[in-house]
Amino acid sequence: MTARRLSSGGRIDRSKPLYFSWQGRVLSGFVGDTIASALMANNVRVLGRSFKYHRARGIYGAWVEEPNAIVDVVLGGAHEPNGRATTLSLYDGMAVTGLNAQPSVDFDAYSAIDLFHPLLPSGFYYKTFFPNWHRFEPRIREMAGLGTVRPLANTEAFETRTIACDVLVAGGGPAGLAAALTAAEAGASVILADDRFGFGGSLLWGDEAIDGQPGAVWAAAAVARLAGLGVQLLPSTTVFGAYDHNTFALSERRATAAAGWGGERIWTVRAREAVLAAGAFERPLVFPHNDRPGVMSASAALQYLRQYAVLPGQNIVVVTNNDSAYGVAAALQLAGALVTLTDVRPTAPAVARIAEAAGVAVHLGSVVLNTAGRNGVVCADIGAADATSLRAVQRRVPADVVAVSGGWSPAVHLHSQAGGKLRWDAEQVAFLPLAARPHQHLAGSITGAESLAACLASGHAAGSAAATALGLTATVAPPHADAAQPAAPAQAYWRVPVTSARQWLDLQNDVTVKDVALAARENYASVEHLKRYTTLGMATDQGKTSNVNGLALLAEFTGRDIAQVGTTTFRPPFVPVTLGAIAGMKHGALYAPWRRLPAHSEHVAAGADIREYGGWWRPACYPRAGETAAQAIQREAAAARQSVGLFDGSSLGKIVVEGQDAAAFLNLLFYNELANLKPGKLRYVLLLRETGVVYDDGVVARIAPDRYLLSPSSSHTAGVLALLEAWHQTEYPHLKVAFHDTTGAWATFAVSGPNAREVLAPLTKIDLSAEALPHMAFASGRILGVAGRIARVSFTGERSYEVSVPSGYGASLWTALREAGAAFGITPYGIETLSVLRAEKGYILIGTDTDGMTLPDDLGMSGPLRAKKVDFVGKRSLLTPDALRPDRRQFVGLLPLDPTQVPHVGAHAIEFRDGKRRSRGWITSACHSPALDRSIALGMIERGRELAQQGAEVELFHLGKIMKAKVTSPVFVDPAGEKLHG
Amino acid sequence: MVDLQRRSIAAQLGSGWAGHGVAVRLLDLVQFYLPCAQPPNSIVGDDPYTLWLAPDRALQVGGTASAGFVSDMTDGLAVFELSGPRADEIVAMGCTLGLSPSACAQTVFGGVRVVIYRHGAAIRVHVERQLADFLLLWFQTALSALQ
């Protein structure tokens with residue numbers, strides 16, 4: 001192999017050399033190189049190993065279609081475990097390593113596997129290793145697969161953007177440029193995206209002229225004009241997904257970003273009209289042993305020559321079934337290589353003259369029958385295109401590169417992702433769109449255009465159509481390119497008709513013609529089954545070069561037309577996209593929204609152990625120096641029972657419901673009767689889903705005849721508001737009622753304990769006596785000069801007052817309450833402490849003690865179902881046989897026989913029936929009760945209330961251990977409610 | 001005992017942050033929820049002005065409370081104001097909507113529910129007070145991405 005850098009030409013900057021390492025060896029390249037072009041210029045042939053057989057793999061393509069050159073790249077602190085060498089720009093100091101080889105891609109010990117290839121056809125893993133896959137998987141995974149992710153290697157953040165435009169043009173080749181120019185000149189707002197470093201597409205390496213200028217010069221002028229028209233130009237940006245309503249996802253790879261930010265940036269673009277002009281991929285022409293390094297796409301060879309001034313080889317054999325490779329052959333010959341061209345077609349096309357004039361030896365009706373060479377091609381056997389034996393060699397020629405062109409597959413991906421259908425065009429030997437999707441316009445190769453003139457015309461037409469759809473008028477004339485010589489049709493040629501040697505279809509996943517034949521014999525007749533059985537097209541290149549060849553062969557082996565076989569489903573992303581880029585800013589502290597209490601800094605100053613509860617950062621408890629959280633919880637709970645505690649309940653929802661029909665509406669929604677609630681009073685309520693399942697609990701206050709205040713659980717407030725709106729807007733729009741979520745406007749603190757009244761009294765003139773403000777009543781008034789509310793409601797079982805003021809005063813009130821309670825030893829307590837206090841009292845926590853099956857009666861609340869006169873959401877579901885089963889799980893208390901042992905939450909109460917262990921329910925809450933100085937638990941147990949009456953014992957099972965517990969009432973403390981009402 | 005002291009969210013979190021071409025401020029504005037009869041997504045009036053939120057709900061910014069079903073949200077909603085030539089880039093980073101000059105929207109910004117609209121040359125974002133710290137961190141992070 002004698003790939004070499006030419007002394008002139010290319011879009012590289014020879015004045016700016018770059019140094020990088022390949023497998024530890026220092027090599028050089030230039031600014032403008034990709035990793036692949038730099039490696040090729042340094043005559044590196046083996047870049048990787050194939051997935052299954054560990055055969056040597058070299059550079060095949062020049063861009064995203066590349067199946068082979070997947071490498072590990074380290075640059076500074078950044079690590080790219082599966083970099084596509086053909087698309088990554090070369091940077092100074094890059095360390096590049098080949099993958100999937102041990103110890104290195106040049107000497108891979110695993111390559112011995114290739115000797116056993118006859119034993120490893122497609123389906124080998126399924127047939128051999130199942131059902132014991134788990135025994136083999138670790139070793140197989142080690143041998144196969146690609147790069148290794150380094151946890152925490154990349155700490156960069158990624159930016160995402162969403163914008164709207166009139167016209168998105170996907171693809172900045174000649175057709176895309178023509179379309180963008182036409183639409184932008186007509187006055188549309190246009191975004192033009194192209195995945196290459198610059199715009200122009202094939203004009204950058206082609207020979208053709210537009211409007212009398214070299215193509216690349218025209219492209220540069222077009223881009224300047226577009227910039228002048230205000231078009232958003234996004235180079236190095238791949239449109240990788242098409243979604244509903246003309247929404248497209250783009251991945252932009254910027255060379256630089258702000259400190260700490262990744263270069264990749266995802267754009268979500270909503271386009272009123274879209275132009276799809278993504279070009280086409282050159283298919284391989286398949287022949288025996290076509291996987292050796294040196295076998296590459298003909299178009300790629302031309303790109304390396306023209307873009308990077310790298311001549312890929314000295315002795316080049318071009319294999320083709322179409323006209324496009326002739327120009328490539330001529331260019332390579334003129335650049336100094338010795339080129340032989342074989343065309344499977346028997347008659348010379350018009351373009352043959354160009355190649356022959358350049359000195360290329362042309363062999364018609366011929367194909368490469370075989371290649372040889374250990375770590376790369378050294379020679380090629382040429383024989384008749386219809387040869388059926390490897391021995392039918394007509395001539396053997398030295399070859400370090402075999403450049404293949406099996407025809408062109410238009411990039412229909414975006415069209416298909418958007419739901420567009422395809423048809424097989426036998427004349428063009430390609431899948432083409434049946435019709436463009438609404439508000440999408442096709443341009444360039446995807447329309448079947450082959451010549452530059454046709455591409456430009458289709459681009460102009462697409463841009464005009466987009467403008468017309470927007471109510472604009474296209475004003476510019478189409479760019480002109482000289483009509484090309486009439487092309488000779490390509491000849492469908494899917495493989496050399498020999499069976500004695502492997503012919504590769506999917507170079508990355510090692511899928512050969514034989515594998516497809518085997519799949520067809522085993523009746524995997526659907527192309528989707530073929531894909532999954534053989535893994536054809538399932539590698540990181542997603543079969544950009546292999547899919548069409550594979551399905552054409554499936555058609556041949558199953559005796560069908562290609563149209564009947566069809567394609568697999570095209571899904572986003574078109575190219576691999578960094579997961580972090582999709583996550584965007586949603587990571588670290590911004591991973592999910594969090595809410596803070598108005599007195600957050602006061603809690604922190606008080607030493608709170610702040611944790612997240614349902615999206616709120618709340619104090620779990622306030623450990624003192626040398627105290628564990630568990631000790632703090634016991635201390636705080638005891639203080640609330642014995643004197644007074646202070647709890648921040650500001651996160652509790654506060655939804656105001658007002659209107660002349662507020663009572664009627666809430667009565668329809670809530671399980672409990674609310675129409676007879678008197679103003680100034682509170683009621684504990686359940687809110688059900690239509691299924692009768694308890695969605696939330698809370699307290700409702702009636703502020704006035706037509707105004708209620710709902711207090712949903714902290715994490716359910718948004719959900720309850722949505723439910724209110726949904727029922728009002730869909731089922732009961734005739735009821736006059738409206739809702740205000742005022743949660744954020746109020747700070748609420750619970751002062752709870754025997755001394756609560758004494759602490760609070762000096763702060764307000766509101767009468768706090770049991771007569772004036774009994775349990776489940778509230779009053780409005782001033783609290784230290786500020787208008788607020790005091791509600792007598794308790795979640796601890798102690799005498800409790802919830803004091804609310806506008807949240808701007810929250811921090812000040814917290815401080816005032818602590819000062820006022822200092823004489824009583826007022827103790828701030830957190831939500832973990834509250835959870836102990838409420839468990840002692842048998843109060844449920846929604847989502848902790850309840851789940852998606854819990855009905856009100858399971859919680860012991862059956863009164864409203866019997867007594868409530870009007871219908872309510874979920875009522876019908878409460879009357880089903882399942883809801884009325886006597887053996888439902890019911891909410892009970894459990895006292896472990898060993899009072900020092902706290903059962904595990906989630907432990908099951910078990911019994912043996914027919915010799916089998918079965919669950920009778922489970923523990924939902926458990927703790928050590930400071931009031932009882934023993935362990936207590938709450939749980940949902942089958943026929944629990946019956947068991948509690950009997951004082952029955954159950955066996956609690958957890959991780960193989962059994963603990964006995966007595967079933968009791970869930971109320972462990974103050975069952976008569978004397979403390980609560982006192 | 002002394003009377004309670006008010007601490008606005010702006011006083012609590014600070015008032016100004018700047019990036020390349022964008023400034024973010026936290027404002028302390030009088031706000032009320034009130035019944036709504038104006039067209040969807042409309043902004044009515046200059047000072048005070050009301051923003052359409054839902055079929056039965058509007059947000060009045062500034063002024064005093066009228067009679068009827070009114071809830072004082074002055075302490076309930078934090079108001080961020082973005083200004084500068086690149087403010088729209090921050091919107092593109094946080095929000096899927098493009099902003100029209102004369103409409104407001106209740107939408108998701110930076111992962112949280114907000115009310116957003118143009119106010120003169122600036123952009124205002126109202127968010128529940130409890131989410132203000134989160135959104136502030138989001139803004140500070142987003143500003144650091146501009147170069």
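Reply: Happy to. B:Arg57 and A:Glu725 meet in a salt bridge, and their closest N and O atoms are 2.7 Å apart. The term stands for a side-chain nitrogen of Lys or Arg within 4 Å of a carboxyl oxygen of Asp or Glu. Please keep in mind that this is a predicted model: local features need pLDDT of at least 70, side-chain atom pairs count only at pLDDT 80 or more, totals for chains, interfaces and linings use all residues, and side-chain values rest on heavy atoms, with hydrogens and water left out. As for names, residues are numbered from 1 along each chain as its sequence is written, while chains are lettered from A and ligands numbered from 1 in the order in which they are written.

Back to the pair. Seen from the other partner, A:Glu725 forms a salt bridge with B:Arg57, and the pair crosses between chains, from helix α19 (residues 717-730) of chain A to strand β6 of chain B. Helices (H or I, at least four residues) and strands (E, at least two) are DSSP runs, numbered from the N terminus. A:Glu725 counts as buried because its relative accessible area is 13%, and B:Arg57 is buried too, at 9%. Here buried means under 20% relative accessible area, exposed over 50%, and partly exposed in between (1.4 Å probe, protein chains only).

Now for the interface around this pair. Between chain A and chain B there are 4 salt bridges, and the side of chain A that touches chain B is made up of 29 nonpolar, 14 polar and 11 charged residues. In that division, Ala, Val, Leu, Ile, Met, Phe, Trp, Tyr, Cys and Pro count as nonpolar, Asp, Glu, Lys and Arg as charged, and the others, Gly among them, as polar. The two chains also share 16 residue pairs in polar contact, both residues at pLDDT 80 or more. A polar contact is a pair of N or O atoms within 3.5 Å; within protein, one must be able to donate a hydrogen and the other to accept it, and residues adjacent in sequence count only if both atoms are side-chain atoms.

Chain A brings 54 residues to the contact and chain B brings 46 residues, where contact means heavy atoms within 4.5 Å. Together the chains bury about 4200 Å², with 58% of it on carbon and sulfur atoms. A:Leu590, A:His740 and A:Leu784 supply 15% of the area that chain A buries against chain B, more than any other three residues. Buried area is the accessible area (1.4 Å probe) that two parts lose on being put together, summed over both.

B:Arg124 and B:Glu81 form a salt bridge whose closest N and O atoms are 2.8 Å apart. B:Arg124 sits in strand β11 (residues 122-128) and B:Glu81 in strand β8 (residues 77-83), so the pair ties together parts of chain B that are 43 residues apart in sequence. B:Arg124 is buried, as is B:Glu81.

B:Arg113 is partly exposed because its relative accessibility is 38%, whereas B:Glu128 is buried at 14%. Over all chains, the search of the whole structure finds 51 salt bridges.

B:Ser66 lies in the loop between β6 (57-61) and β7 (71-72) and is partly exposed, with a relative accessible area of 42%. The C-alpha atoms of B:Ser66 and B:Phe32 are 9.3 Å apart, although the two residues are separated by 34 positions along the chain.

Chain A has 25 helices and 52 strands, and 59% of its 982 residues count as buried. The C-alpha atoms of chain A fill a box of roughly 110 × 70 × 55 Å, taken along the principal axes.
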